[in-house]
Amino acid sequence: MQEIGLRNPSASLQEIGLKNWKTAYWNLSPEELVEHSLCKGVGQLADSGALVIYTGEFTGRSPEDRFIVKDSDTVNKVNWGKVNIPFESRKFDALWRKCCNYLKKKDLYVRDVRANASANPDYQLRIRVVTEYPWSNQFAGNMFLRPDREDLETFDARWTVLCVPGFKADPAVDGTRQHNFAIVNVKKRRLLIGGTGYTGEIKKGIFSVINFVLPTRAKNALPMHCSANVGQDGDIALFFGLSGTGKTTLSADPNRPLIGDDEHAWADNEVFNFEGGCYAKTIDLTEEKEPDIFRAIRHGAILENIKFIPGTRTVDYADRSITENTRVSYPIHHIANAVSPSRAEGDPKNIFFLTCDAYGILPPISSLTPEQAMYYFISGYTARVAGTEVGVKEPKSTFSACFGAPFLPLHPAKYADLLGKKLRKSKAKVWLINTGWSGGAYGTGSRIKLSYTRAMITAALNGQLGHVKFENHEVFGLAFPTTCPGVPAEILNPRNTWADKNAYDKMANHLANEFVNNFSKYADQAKAEILAVAPRVLTKV
């Protein structure tokens, strides 16, 4: 067994069950890992210098194959169900041993990283990532925080990630649903991934770990699936939103440095990024639409499941032949306007919940009370439009608790309660932003212009909405401004934009019913003050 690279001399892979490997490569540079991928024939170079790889059978996460070990540490804390599927401790141990045996006489790639850029060391996770493939290791180096040389020489890992895409489980024996799996073991501080090469399982597995650890052990730190930026005066803004709502686009502001684009925590007097990189979608990417992401795709970046223009090494971002979920990972310093380190002192001043309302019902911008913020946080609403999936011929409501349901080990009400406490203490303003339709639903109305949405967010950030008149929505109870700089006043009240007011009322009632029905599954743990601000379903429309 050979070990090459920079590491803590006392670190041992044998302690986690690995034995008789061929060569263990520790903390290689991106350049070295690219060379290994090319030499092993598992990657190609694009003309931009980025490494292009294929993740194999799986080009996205597999939520039904994500498990949490059910033991004394988790049994009474995890919100068990379709999202958090229990796994037996003894089955986990047996599967871990199988994966270690699978790696005998193979090259290993080992990387020591940190998660959580907090100034408080109590919040930081020290992680050792062991991978079968060099590009999986490079991904971990891109996405997590990279210790300096001195830290690596003394690095003491507290969590271990073992990623073996080539190993396939036997469901009948191993307790998995099928041959792929991603299993979190909180007590043993391990994340085991097998049967899938999709790198997002590494990122989201650790995100799930943090979503368990921070609220249960740190108590006062709220993990969040959001992007964040900070103004020149140090005012922090958070942007929550599901796919297609504009989270990445709207948080990218040349006048406000980026803290991060996806995963953060709000602790006492601090907002910090969990990560040291970005993992962005690239389908139909252009420099005009997303200049920061486009320019970040250079040497050190990894492009996943994407093809070249025939006869070239130029990436075809419009190609969907492998998947719609084409991705790129890159270290955050590839973004010119990024904060380093990825944190900011203070509490958020403005928080934006982004929703693409394809029904055309919600106001373009609304101000939320703390109770409303908790309700809409738990709801995590957006809507898909026709054509986004087979059989969808009209808008379809989508709810994802806390804007990240697949990654929440605890009950959503736990996170909402912590959010409410922080809002009341900090006096942060919360805004519901509709980036969807106005003047009618999808197919009748029109998409709210991006320039208008940017103007509304700018007005909120600058405090320009602090002295304007607000009205309340009859069904949803949302307070919306009657004027906003740079935005036509006639679009601020959504009902006024519909030619057929009766049709608007019926659709508003329909959407209110969707909210109420969705929230019913959280009502048993939601406080009365949250339930009181639910949309008011009208008996007569």
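Colleague: Which residues line the second largest cavity?

Modeller: This is a predicted model, to be clear. The lining of the second largest cavity consists of Phe207, Asn211, Pro223, Met224, His225, Phe377, Cys402, Gly404 and Leu408.

Colleague: Which elements supply at least two residues each there?

Modeller: Those are α6 and β12 (222-230). β12 gives the most to this lining, with three residues.

Colleague: How many nonpolar, polar and charged residues in that lining?

Modeller: Six are nonpolar and three are polar. None is charged.

Colleague: And how much space lies in the second largest cavity?

Modeller: About 50 Å³.

Colleague: What lines the largest cavity?

Modeller: Arg61, Ser62, Pro63 and Arg66 are part of the lining, along with Ala182, Val184 and Leu191. Glu201, Lys204, Gly205, Ser208 and Phe407 complete the list.

Colleague: Which elements give two or more residues to the largest cavity's lining?

Modeller: β10 (181-185) and α6 (200-218).

Colleague: Which gives the most?

Modeller: α6, with four residues.

Colleague: How does the lining of the largest cavity divide into nonpolar, polar and charged?

Modeller: Five nonpolar, three polar and four charged. For the second largest cavity, the lining has no charged residues.

Definitions and conventions: Residues are numbered from 1 along each chain as its sequence is written. This is a predicted model: local features need pLDDT of at least 70, side-chain atom pairs count only at pLDDT 80 or more; totals for chains, interfaces and linings use all residues. Side-chain values use heavy atoms; hydrogens and water are left out. On a 1 Å grid over the protein atoms alone, a cavity is a set of points where a 1.4 Å probe fits but cannot get out, and a pocket is an open set with protein on both sides within 12 Å along at least five of seven lines; lining residues have an atom within 4 Å of a point. Ala, Val, Leu, Ile, Met, Phe, Trp, Tyr, Cys and Pro count as nonpolar, Asp, Glu, Lys and Arg as charged, and the others, Gly among them, as polar. Grid points are joined across faces, edges and corners, and a volume is the space filled by probe spheres set on the points.
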